[in-house]
Amino acid sequence: MSSLRSDLWCMAFVRRHNDLGHMCVVARRGDPIAGQVFIEVDHLDGTRSLYTPAPMVSRGEGAGLVFQRRFDHAEPEKIRERIAREVEFDPDLWVLSLDSRDGDLGIDLVRDSQ
């Protein structure tokens with residue numbers, strides 16, 4: 001089974017969080033079919049977290065994306081620098097920006113990689 005297109009996954013994520021009352025936007029559009037997806041979370045306390053695609057994980061027949069938390073409640077500048085480095089390496093990536101105090105993003109996570 002092939003995975004869902006990046007643009008469709010991102011639009012569904014943004015819509016779901018906006019419906020929940022969180023401010024969520026596409027901060028950077030990437031390749032609509034297979035662009036990597038990064039999620040930047042502003043915790044509204046001066047810190048941010050960054051979720052990036054997890055290394056290949058055996059998920060059986062699931063088509064969903066799997067993420068890892070790269071930074072947890074870090075300085076915003078550290079997150080911006082990491083995203084900028086990734087964009088230089090992969091200009092096709094997506095960046096979703098979410099304002100949320102709630103820790104549950106509704107995504108599949110692997111163990112922290114910090």
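Residues are numbered from 1 along each chain as its sequence is written, and side-chain values use heavy atoms, with hydrogens and water left out. Since the model is predicted, local features need pLDDT of at least 70 and side-chain atom pairs count only at pLDDT 80 or more, while totals for chains, interfaces and linings use all residues.

Helices (H or I, at least four residues) and strands (E, at least two) are DSSP runs, numbered from the N terminus. Six strands form an open sheet with mixed pairing, in the order E1-E5-E2-E3-E4-E6. Strand E1 (23-28) and strand E6 (108-109) stand at the edges with a single partner strand each, so one side of each has no neighbour in the sheet. Two strands count as paired if DSSP finds at least two bridges between them. E1 and E5 run antiparallel and are joined by five bridges; here valine 26 has leucine 96 in E5 as its bridge partner. E2 and E5 run parallel, with six bridges joining them, and valine 41 stands opposite leucine 98 in E5. At the other end of the order, E4 and E6 pair in the parallel sense over two bridges, and the bridge partner of phenylalanine 67 in E6 is leucine 109.

Next comes the question of what is hidden inside. A residue is called buried under 20% relative accessible area, exposed over 50% and partly exposed in between (1.4 Å probe, protein chains only). Five of the six residues of E5 are buried, so this strand is largely enclosed by the rest of the structure. Helix H1 lies across E1, strand E2 (37-42), E4 and strand E5 (94-99), and runs at about 5° to E5; axes are lines fitted to C-alpha atoms, for helices over the stretch in contact, and angles run from 0 to 180 degrees between N-to-C directions.

In soluble globular proteins, nonpolar side chains tend to be buried together. A nonpolar core is a set of buried Ala, Val, Leu, Ile, Met, Phe, Trp, Tyr and Cys residues joined through side-chain atoms within 4.5 Å. The largest such core holds 15 residues, of which Trp9, Phe13, Val37, Ile39, Leu96 and Ile107 touch the most other members. H1, E2 and E5 each supply at least two residues of this core, and H1 gives the most, with four. Apart from this core lies another, of eight residues, including Leu50, Ile79, Ile83 and Leu93. Contact means heavy atoms within 4.5 Å, and, leaving aside neighbours within four places in sequence, isoleucine 39 is in contact with residues including Trp9, Phe13, Phe67, Leu96 and Ile107.

Rings of Phe, Tyr and Trp (its six-membered ring) pair if their centres lie within 6.5 Å; planes under 30 degrees apart count as stacked, over 60 as edge-to-face and the rest as tilted. The structure holds two such pairs. Tryptophan 9 and phenylalanine 13 are stacked, at 5.3 Å centre to centre and with 15° between the planes. Both lie in helix H1 (residues 6-19), four residues apart, about one turn of the helix. Phenylalanine 13 is buried, at a relative accessible area of 3%, and tryptophan 9 counts as buried at 14% relative accessibility. Tryptophan 9 also forms a tilted pair with phenylalanine 67, at 5.5 Å centre to centre and 40° between the planes. Tryptophan 9 lies in helix H1 and phenylalanine 67 in strand E4 (residues 66-74), so this pair ties together parts that are 58 residues apart in sequence. Trp9, Phe13 and Phe67 form one aromatic cluster.

Charged groups complete the tour. Side chains of opposite charge can pair when their charged atoms come close. A salt bridge is a side-chain nitrogen of Lys or Arg within 4 Å of a carboxyl oxygen of Asp or Glu, and by this rule there are five. In one of them, glutamate 40 meets arginine 48, with the closest N and O atoms 2.8 Å apart; both residues are buried. In helix H2 (residues 76-89), glutamate 77 and arginine 80 are three residues apart, and their salt bridge has its closest N and O atoms 3.1 Å apart. Glutamate 77 is partly exposed at 40% relative accessibility, as is arginine 80 at 43%.
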